[in-house]
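Please read them with the structure open.

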Amino acid sequence: MEQVVGEREAEEFTVVARKPYFDLPTACPICLPLFIYLKLAHFPFRLSFNSIFPDSDQIPYVESGTYVAYNNENSGVVECLKKDGIVDLDSEFQSAPDWVSIQAMINSWLADALTYELWVGTDGRSAYKIYYSDLSWPIGKVLFLKQVYSVKQRLGITKDNAEHREDEIYRRAKIAYGALSTKLGEQNFLFDDRPSSLDATFLGHVLVTLHALPDTSVLRSKLLEHDNIVRYAEKLKTELIESGSSSSGPQFRSVPSSSTPRKGPSNWSSKPKSKPKREKTEEEKTFKRRAKYFLAAQLLAVLLFLSVMGGYDSGDLELDDEDEGISFN
């Protein structure tokens with residue numbers, strides 16, 4: 001099923017993700033599918049958390065020695081792991097006639113729907129907790145509002161078409177859930193009863209929708225109409241996440257706020273083994289500099305955002321009084 005390069009078999013892999021919430025190992029909609037993919041492949045790894053780069057598109061990433069695979073490179077971490085011959089669950093499925101259409105529904109329609117629901121369709125508390133809860137309130141709140149504005153731009157939402165775009169997003173999600181429910185049936189997985197990267201992506205979407213979104217969520221209610229998808233998700237959650245305390249499962253560690261994204265984790269139950277020092281790569285030096293100036297950069301981003309937004313009225317921003325009154329405690 002999976003392929004591991006021989007020279008890397010003895011190396012330790014670390015997945016760096018955003019922090020756990022909502023009874024999920026990581027509540028980030030991008031990080032969770034990577035976690036699930038490696039668990040489906042029975043690939044050993046450690047899970048480490050980074051909260052000092054809340055808006056970094058490089059998270060999640062996988063590292064082992066000098067090897068690093070970032071989320072914003074080569075179509076994502078999973079694709080990097082497949083192309084580099086480290087772990088590949090899809091080699092037997094990509095020629096399947098409905099692979100491309102199902103991939104498009106999950107990565108486009110459902111991804112857009114969850115993004116909309118987290119940042120726009122609900123009160124935003126879940127998104128704030130996932131991304132900004134470790135930041136001081138003023139910075140976290142402004143970055144949250146900045147991201148809401150960015151999401152609206154990316155999804156093509158304006159004051160004039162907001163209602164129409166919302167209906168379209170939910171309609172596409174409903175179609176996708178129906179098609180995937182039919183495809184899944186009572187199987188354990190989407191294709192030939194064997195796991196694939198699409199199972200990891202879909203399962204990550206379903207678990208975040210079920211556990212992170214509020215009960216009032218429209219997207220969550222549409223998902224709950226399909227009992228077989230809910231059973232599929234809860235069964236795999238039990239097998240992959242809740243039973244992950246065995247010795248073969250990943251070990252968890254939170255990255256201290258003063259560390260950099262390239263710093264590997266230690267074993268949470270024992271002192272880290274000493275390793276011979278090696279010369280830092282240019283990537284590591286770059287990340288070191290980024291960590292050093294992160295707070296200053298975020299402060300500058302806040303000031304720039306406030307100055308740019310000052311040129312818009314409240315209608316342009318589409319951040320109404322109810323949004324401004326959100327209290328994240």
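The points below run from the overall fold to local details.

1. **Basis.** This is a predicted model, in which local features need pLDDT of at least 70 and side-chain atom pairs count only at pLDDT 80 or more, while totals for chains, interfaces and linings use all residues. Residues are numbered from 1 along each chain as its sequence is written, and side-chain values use heavy atoms, with hydrogens and water left out.

2. **Overall fold.** The chain has 13 helices and five strands. Helices (H or I, at least four residues) and strands (E, at least two) are DSSP runs, numbered from the N terminus. Of the 329 residues, 49% count as buried. Buried means under 20% relative accessible area, exposed over 50%, and partly exposed in between (1.4 Å probe, protein chains only). Among contacts (heavy atoms within 4.5 Å) between residues at least 6 apart in sequence, 74% join residues at least 24 apart.

3. **Core.** The largest nonpolar core holds 89 residues. Such a core is a set of buried Ala, Val, Leu, Ile, Met, Phe, Trp, Tyr and Cys residues joined through side-chain atoms within 4.5 Å. Helix 3 gives the largest share of this core, 10 residues. Ile36, Leu38, Leu81, Trp119 and Phe202 have the most contacts inside the core. Leaving aside neighbours within four places in sequence, isoleucine 36 touches Ala200, Leu203, Gly204, Leu207 and Leu240.

4. **Helix 3.** Buried residues of helix 3 include Trp99, Ile102, Met105, Leu110, Tyr116, Glu117 and Trp119. The buried residues of this helix pack against helix 4 (125–132), helix 5 (137–154), helix 6, helix 7 (197–211) and helix 8 (218–223).

5. **Helix 3 to helix 6.** Tyrosine 116 and tyrosine 170 form an edge-to-face aromatic pair, 5.8 Å centre to centre, with 85° between the planes. Tyrosine 116 lies in helix 3 (residues 99–121) and tyrosine 170 in helix 6 (residues 162–184), so the pair ties together parts that are 54 residues apart in sequence. Both tyrosine 116 and tyrosine 170 are buried. Alanine 179 also lies in helix 6. At 31% relative accessibility, alanine 179 is partly exposed.

6. **Aromatic pairs.** The count is 16 aromatic pairs. Rings of Phe, Tyr and Trp (its six-membered ring) pair if their centres lie within 6.5 Å; planes under 30 degrees apart count as stacked, over 60 as edge-to-face and the rest as tilted. Ring pairs link Trp119, Tyr128, Tyr131, Tyr132 and Phe144 into a cluster.

7. **Cavities.** How many cavities of 30 Å³ or more are there? The count is two. A cavity is a set of points, on a 1 Å grid over the protein atoms alone, where a 1.4 Å probe fits but cannot get out; lining residues have an atom within 4 Å of a point. Grid points are joined across faces, edges and corners, and a volume is the space filled by probe spheres set on the points. The largest cavity has a volume of about 80 Å³. Its lining includes Arg18, Lys19, Asn50, Pro54, Tyr131, Tyr132 and Asp134.

8. Valine 16 is in strand 1 (residues 14–17). Valine 16 is buried, with a relative accessible area of 1%. Valine 16 and isoleucine 59 are 43 residues apart in sequence and 6.9 Å apart in space, C-alpha to C-alpha. A cis peptide bond joins isoleucine 59 to proline 60, with omega about 5°. Proline 60 sits in the loop between strand 2 (46–49) and strand 3 (61–64).

9. **Positive phi.** Most residues other than glycine have a negative phi, and most peptide bonds are trans. Please check two residues here. Phenylalanine 22 has phi near 60° and lies in the loop between strand 1 and helix 1 (31–40). Phenylalanine 22 is partly exposed, at 22% relative accessibility. Histidine 42 has phi near 55° and belongs to the loop between helix 1 and strand 2. Histidine 42 is exposed, with a relative accessible area of 67%.

10. **Helix 9.** Buried residues of helix 9 (residues 227–242) include Asn228, Tyr232, Lys237 and Leu240. The buried residues of helix 9 pack against helix 1, helix 6, helix 7 and helix 8.

Key. 1 Å grid on protein atoms, 1.4 Å probe; cavity = no way out; pocket = protein on both sides within 12 Å on 5 of 7 lines; lining within 4 Å.
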